[in-house]
Amino acid sequence: MCGIVGYVGPQNSLDVILEGLRRLEYRGYDSAGVAVLAGGRLTTVKKAGKLANLEKVLAEESLPAATIGIGHTRWATHGGPTDRNAHPHVSADGTVSVVHNGIIENFAVLRAECEAAGVEFTSETDTEVVAHLLAAAYRKTPAGDDRLAEAMRTVSRGLEGAFTLVASHADEPDRLVASRRNSPLVVGVGDGEYFLGSDVAAFIAHTSDALELGQDQVVVIDRERGVSVTDFAGAPVEPTAYTVDWDAAAAEKGGYDWFMLKEIAEQPEAVANTLLGRLGAAGELVLDEVRLSDQELRDVDKIFVVSCGSSFHAGLIAKYAIEHWTRIPVEVELASEFRYRDPVLDRSTLVIVVSQSGETMDTLMALRHAKEQKARVLAICNANGSTIPRESDAVLYTRAGPEVAVASTKGFLTQVVACYLVGLFLAQVRGVKYTDEVAAIVEDLRALPDAVATVLAGMEPVRELARSLADANTILFLGRHVGYPVALEGALKLKELAYIHAEGFAAGELKHGPIAVIDQGTPVIVVVPSPSSRESVHGKVVSNIQEVRARGARTIVIAEEGDEDVVPYADHLIRVPRTPTLLAPVVTTVPLQVLACEIAATRGLDVDQPRNLAKSVTVE
Ligand code: M6R
């Protein structure tokens, strides 16, 4: 939510910042702005709407050549998406320009204090108050190299909530200052140039050397002195250096119309990468990187999977697999609800937090709550160096590569696979499965990348189907067992991309109410389990298809190759390769991703940046 870029170095700062903002725009696209500093003057330009609007204005105005500057792309919280509310915000005296991600919870009190002192505000944002406070704090701070950092520390100590702030001061031509609490910020270190970014995408085209920052820290990037970090009290801190293993090309469209299409296509490779090096030659799991001892894993008597959105659906799938393989009870919780209902946690509880971005605020807060209650926390995450894995006891990276489209695809699929790895590893360590049983599932896991590739190769009929569904008002999704979370995920994809009302149901629940909404021609998409599934779930779902069809539904059926039972009742049949029941979501989700993407494209919508959304939700 909100993308931030800062640059100090020899290059034209506007070019570097705009390039960074293009790569960060997926984080928010309600407005965009830049501020550059040249000749002791800050020039700020900002515009409501997508980055393209700002670029148009910049093409018409010529900004002074500068080698230092900041930029922002916004997801609105306080104040609508207007030019005035766009960042950067400038202090009343014109000396400070600041960009912000997060929410300053005590901004109303601070604003009232500033107004009482005669400051006139020009926006409705919570951010503007920081510009005025920083300008005032700077005036009161003794001159010297540390003046800007000290002023920022003073301001930061008085702020409540979540914030990443990056500021430029007119009297400081060689340095930028930034501060972070609960919101993401990384530093890029180039050859004589330094970058600040909400994530590494901001500077990936320039350097892969990055520094991780901790909570409540202030960082200065300085043309001569490089990078210096302190806590809010001013004590020096040594940041953690790491190398970004994504290259710039990975964060580009590579010839696809949409990032989402590219990311869907990358799924076989992404799944293979999640498995890479984690399946041993003898069919055992090798998860050395999980920093929990065997004894800690043996002590686990309850598991929570906590996450949001698609990651929550990955957790729902994980429950079926982990409980089945380990016999440990698993509860799956929405992160935004978790800590408010006082869950029962203790030292023998394992909390698995699942987050593609590693920055989702609801999930981060749930993680912190779990740690306060002494539970062990294992993160399943895609973004290296992000906050959630850093604060967890253990981490399993999904290695999907950068996911830019707002709708999660390869991020989701690899989370599901990572959850399987954790479940199977627990079963192995605890000895609840014989070695040959684990080895058999490992073989099934090895087959997943090819199975996903097979699904993708057969997607042309799904594209055609999408065109015929583009005008639907409502589309329902049904599934049982692991097909139920797949139905939820299919409905979420459709809602967020195509803005069509969609709901996912457990197929058995249908006759307890939802069946009443089915009318002549209502499209109902049914995820059919394998005929080999336990306790004739398959037969029950086939009956459910007949029930909705008898009431006029247009049935779209996703079923395994060779499943002939569904043929008489399917108006449209989408085939997927045979896959063991618990692993089936990895293949059955894929046609639903393609369907949602193609329906949105047919409706002329922005597939990568759907309205009202942002990729990484860093506010609660
Ligand atoms: O980065 P996270 O996995 O923590 O994000 C969680 C959700 O915000 C995310 O999955 C969201 O629901 C996606 N837009 C779904 O496509």
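Modeller: Two rings of Phe, Tyr or Trp count as a pair if their centres lie within 6.5 Å. This is a predicted model, and in it ring pairs link Y7, F195 and F203 into a cluster.

Biologist: How many aromatic pairs does the rule give here?

Modeller: The count is five aromatic pairs. One of them joins F163 to F232, with 6.3 Å from centre to centre and 10° between the planes. Planes under 30 degrees apart count as stacked, so the F163 and F232 pair is called stacked.

Biologist: Where do F163 and F232 lie along the chain?

Modeller: F163 is in strand 7, residues 161-169. F232 is in the loop between strand 13 (226-231) and strand 14 (240-243). The pair therefore ties together parts that are 69 residues apart in sequence. F163 and F232 are both buried.

Biologist: What is the geometry of the F195 and F203 pair?

Modeller: That pair is tilted, at 5.9 Å centre to centre with 35° between the planes. F195 and F203 are both buried.

Biologist: Which charged residues lie over the face of a ring?

Modeller: K50 lies over the face of Y29, 5.1 Å from the ring centre. R147 lies over the face of Y138, 4.1 Å from the ring centre.

Biologist: Next, the domains. What are their bounds?

Modeller: The domain assignment gives domain 1 as 3-250, domain 2 as 253-446 and domain 3 as 456-608. Taken over C-alpha atoms, the centres of domain 2 and domain 3 are 25 Å apart.

Biologist: How should I read the interface between domain 2 and domain 3?

Modeller: The size of an interface is often given as the accessible area lost when the parts come together. Domain 2 and domain 3 bury about 2,400 Å² between them, and 73% of that is on carbon and sulfur atoms. Within the area that domain 2 buries against domain 3, W258, H313 and Y320 supply 25%, more than any other three residues. By contact, 30 residues of domain 2 meet 30 residues of domain 3.

Biologist: How many salt bridges are counted between domain 2 and domain 3?

Modeller: The count is zero.

Biologist: Last, T360. Is T360 buried or exposed?

Modeller: Buried means under 20% relative accessible area. T360 has 12%, so T360 is buried. T360 sits in the loop between strand 17 (349-355) and helix 11 (361-372).

Biologist: Which residues does T360 touch, leaving out those up to four places away in sequence?

Modeller: With those left out, T360 touches C308, S355, I388 and V617.

Technical notes
Residues are numbered from 1 along each chain as its sequence is written. This is a predicted model: local features need pLDDT of at least 70, side-chain atom pairs count only at pLDDT 80 or more; totals for chains, interfaces and linings use all residues. Side-chain values use heavy atoms; hydrogens and water are left out. Rings of Phe, Tyr and Trp (its six-membered ring) pair if their centres lie within 6.5 Å; planes under 30 degrees apart count as stacked, over 60 as edge-to-face and the rest as tilted. Helices (H or I, at least four residues) and strands (E, at least two) are DSSP runs, numbered from the N terminus. Buried means under 20% relative accessible area, exposed over 50%, partly exposed in between (1.4 Å probe, protein chains only). A charge sits over a ring if NZ of Lys or CZ of Arg is within 6 Å of the ring centre and within 35 degrees of the ring normal. Domain bounds come from an automatic or database domain assignment. Contact means heavy atoms within 4.5 Å. Buried area is the accessible area (1.4 Å probe) that two parts lose on being put together, summed over both. A salt bridge is a side-chain nitrogen of Lys or Arg within 4 Å of a carboxyl oxygen of Asp or Glu.
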